[in-house]
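Good morning, colleagues. Please take a moment to look at the sequence and the structure before I go through them.

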Amino acid sequence: MNNKTILLIDDEETIQEVVQIGIEIEAGWHVAIASSGMEGISLAKSQQPDAILLDVMMPEMDGISTLFNLKANAQTKTIPVIFLTAKTQTSEKNELKSLGVVDVITKPFNSMTLASQIAKILNWEV
Amino acid sequence: MKILLIDDDETLVDLLTRSLKEKSYAIDVARDGEQGWIYGSTYSYDLIIIDWLLPKLDGISLCKKFRAHGYHTPILLLTSRHGSQNKIKGLDAGADDYLCKPVDVEELSARIRALLRRLNCNFLPVLSWGNLQLNQYSCQVTYQGEELPLTAKEYRLLELFLRHPQEVITLADIIESLWSSMEYPVEATVRSHIRRLRDKLKLVGLPEDLITTVRGQGYCLKVLSQNQILEEDKLSNSKQTKHLKALTTIWKKYQPKKAQQLAILQQASARLQTGELEVSDRVSAIIAAHSLAGTLGQFGLDQASLLAKEIEQLLQDNQPQELINKITILSSQISGDRSLDSLPYPTIFSQSQPDLGNNLHPKEINNSPLLLIINDEPNFTAQLTQAATSQGIETLVLSTPSVRNWLDQQQLQQQQLPHAVLLTINFANSTPDWRLQQLSLIAEFNLLQPAIPVIVLADRDHFKDRLQVVRHGGAFYLTQPSTPSQIMSFCHQILQRSTIRKNIMIVDDDQELLQILPSLLEPWGFKFTTLHDPRQFWEVLQAFHPDLLVLDIEMPHLSGIELCKVLRTHPYWYKLPVLFLTIHQDLAISAEAYACGATDFMNKPVIPQQLAHRIIHRLS
């Protein structure tokens, strides 16, 4: 239960820390952090996380390109990806979902319940 | 958990009974108010769902009657009556919650869970006994992370014990809670369910006497030892304290960065006032607003986060005055009386409602598409309006004779016109004059600039009627009988195709054209982003997210062809429609443009109407 690893790919340092403490305190999972799409792809290959939280809007390589790269690589294509986005309209969220992620979590999220939200999406036990 | 449903609508009763049974509730159904009173006052229920309009005794009177006789069972009122006055009336009559029809089953389930949580003061969606957990959302039971395969009855039995951990539960209690009043299980059946549940619990390593027999009385849940309880409380409390402390540290650490981002917005606001806001300033401001929107909400500053999100949108829409106002409000919210330095520590409490905030985002409400319904039958119109509301469509209803006047007024006062029109025409039974009046309305909407699509709802399907409608400019023809929800689903599709507020990005080194085009195309309701330096293309594209791109071919530094090629290498942008504009009449150039991924190609000088029609066509 406590041996999960989540990879967060987000350029925003504040979000990195909020996600990390939220998940580590509430669920005890390990959180690996990447600040860019490129770094995220490399960490996903080396660490083989149980799930990836991926920010949509990032400079240089955005979340969508990162997702396509992850899905194109045999080592990372089966890792479930959840998008993090500030988009709140259902149509925008559906469009993002149709790109091949398991779900979309809207920012701001509740860091107290983020882990249980992820667990629910992925059918994990918390 | 046992629920009494009092409703005479067969379809709804059938739907709710099925879906609530799937969620392991026992349901009794009463078809009128009097029967509801007999059931509710005879048996005991965990929750009563009452329809407002009931035969014999209406829902409000029934609610009052239950409360007057001292029944405290939670009551959820179902009704098709919208509006706060009705809600107040319902709640004052004694209802604990109020849900408008059409009923969304998921929302109803969530409200039921919320009411039951209040009833039991057991606020957790997950009931637990040590490491044994029962999740009411997923209806799953786990022990130390392993799932227990329980039948529906075993699940409900366990739920009953976990909900009433300190009580002795008799066989009669169990029968009353788990079986509907129409079922009469013998006690041996109940005992055998308990035996099977005990076996399954034992199999995963739980104590044999978790469900203890109390001789001559019934059963009860074994009490968790004080040590175990203390351990759990300590763990949960220390978790929350730790979390809060960590959030506070993060907040303090990033305050200076948030202040810098606010300063970028204030600078953009100042430049907007003097008309000196460059594209690069705008992009920086969008990035700052985006970051603020994403992070302020994490620390409980929900209002400020929403404002930042609106500012990000306004920066893309290019609405200077509103933008300046919003930046001023945001500044005063987070740097005025409550300066960034003196802000309270992050509040976990306000973090608990982010979804609610998202649902109420004012921009989304304002952006609802408007459908004009022209119909002369009040009953059918009411049904259409209700179906439209449930699909997020705003409606305005007018009768045929009043449309022309209304349209004149709207145009005169430059008020909002509808995005589509739904017009009912009765071909079989109306007079030729009346029909002509309705057909000429179609023509009138079609002649507006831009034209408003008219969806005709006809009573019959004759080719000559369709031809008449088409000749007057009608865009769609639906025939009766169709249900209101079918009609509205179609209208929803049409409204989705509306070009209003679609973002068009134009890249052209001809600055004069960049100034003129947006104003020439204004009547079609597009939003524009213009860029004269192609070197900033990628940055601006990412920030503004256009729905269509208009590219000049020959530009200094980078050609439109090259930009299009770059675009087509991207997994997301490769499908963005691109329309080329060029002064070259050369066939070879248009061939090159199409080869690099152009969607369309037009020669300069541009005729605005033609360009608008091409854009609309490509967007759809």
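I begin with a term: a salt bridge here is a side-chain nitrogen of Lys or Arg within 4 Å of a carboxyl oxygen of Asp or Glu. By this rule, 26 salt bridges are found over all chains.

Some conventions follow. This is a predicted model, in which local features need pLDDT of at least 70 and side-chain atom pairs count only at pLDDT 80 or more, while totals for chains, interfaces and linings use all residues. Residues are numbered from 1 along each chain as its sequence is written, chains are lettered from A and ligands numbered from 1 in the order in which they are written, and side-chain values use heavy atoms, with hydrogens and water left out.

Chain A has 5 helices and 5 strands; helices (H or I, at least four residues) and strands (E, at least two) are DSSP runs, numbered from the N terminus. Along the sequence, the order in chain A is β-α-β-α-β-α-β-α-β-α. Of its 126 residues, 56% count as buried, where buried means under 20% relative accessible area, exposed over 50%, and partly exposed in between (1.4 Å probe, protein chains only). Chain B has 25 helices and 21 strands, and buried residues make up 48% of its 620 residues.

I turn to contacts, meaning heavy atoms within 4.5 Å. In chain A, 59% of the contacts between residues at least 6 apart in sequence join residues at least 24 apart. For chain B, residues 24 or more positions apart account for 63% of the contacts with a separation of 6 or more.

The size of an interface is often given as the accessible area lost when the parts come together. Here the buried area (accessible area, 1.4 Å probe, that two parts lose on being put together, summed over both) is about 3,300 Å², and carbon and sulfur atoms give 58% of that area.

Across this interface the rule finds 4 salt bridges. One of them pairs Glu12(A) with Lys258(B), with the closest N and O atoms 3.5 Å apart.

Next come salt bridges inside chain B. Side chains of opposite charge can pair when their charged atoms come close. Glu159(B) and Arg163(B) meet in such a bridge, at 3.6 Å from N to O. Both belong to helix H6 (residues 152-163) of chain B and sit 4 residues apart, about one turn of the helix. Are these two residues buried or exposed? Glu159(B) is buried, and so is Arg163(B).

A further bridge joins Asp600(B) and Arg618(B), whose closest N and O atoms are 3.2 Å apart. Asp600(B) lies in strand S21 (residues 600-603) of chain B and Arg618(B) in helix H25 (residues 608-619) of chain B, so the pair ties together parts that are 18 residues apart in sequence. Asp600(B) is buried, at a relative accessible area of 4%, whereas Arg618(B) is partly exposed at 31%.

Two local sites remain. Asp97(B) is in strand S5 (residues 97-100) of chain B and is buried, with a relative accessible area of 13%. Its side chain makes a polar contact with that of Arg111(B) at 2.9 Å; a polar contact is a pair of N or O atoms within 3.5 Å, where within protein one must be able to donate a hydrogen and the other to accept it, and residues adjacent in sequence count only if both atoms are side-chain atoms.

Finally, helix H2 (residues 33-42) of chain B has buried residues including Trp37(B) and Tyr39(B). The buried residues of H2(B) pack against strand S1 (2-6), strand S2 (26-30) and helix H3 (59-68) of chain B. Asp32(B) caps the N-terminal end of H2(B), with a side-chain oxygen 3.0 Å from the backbone nitrogen of Glu34(B).
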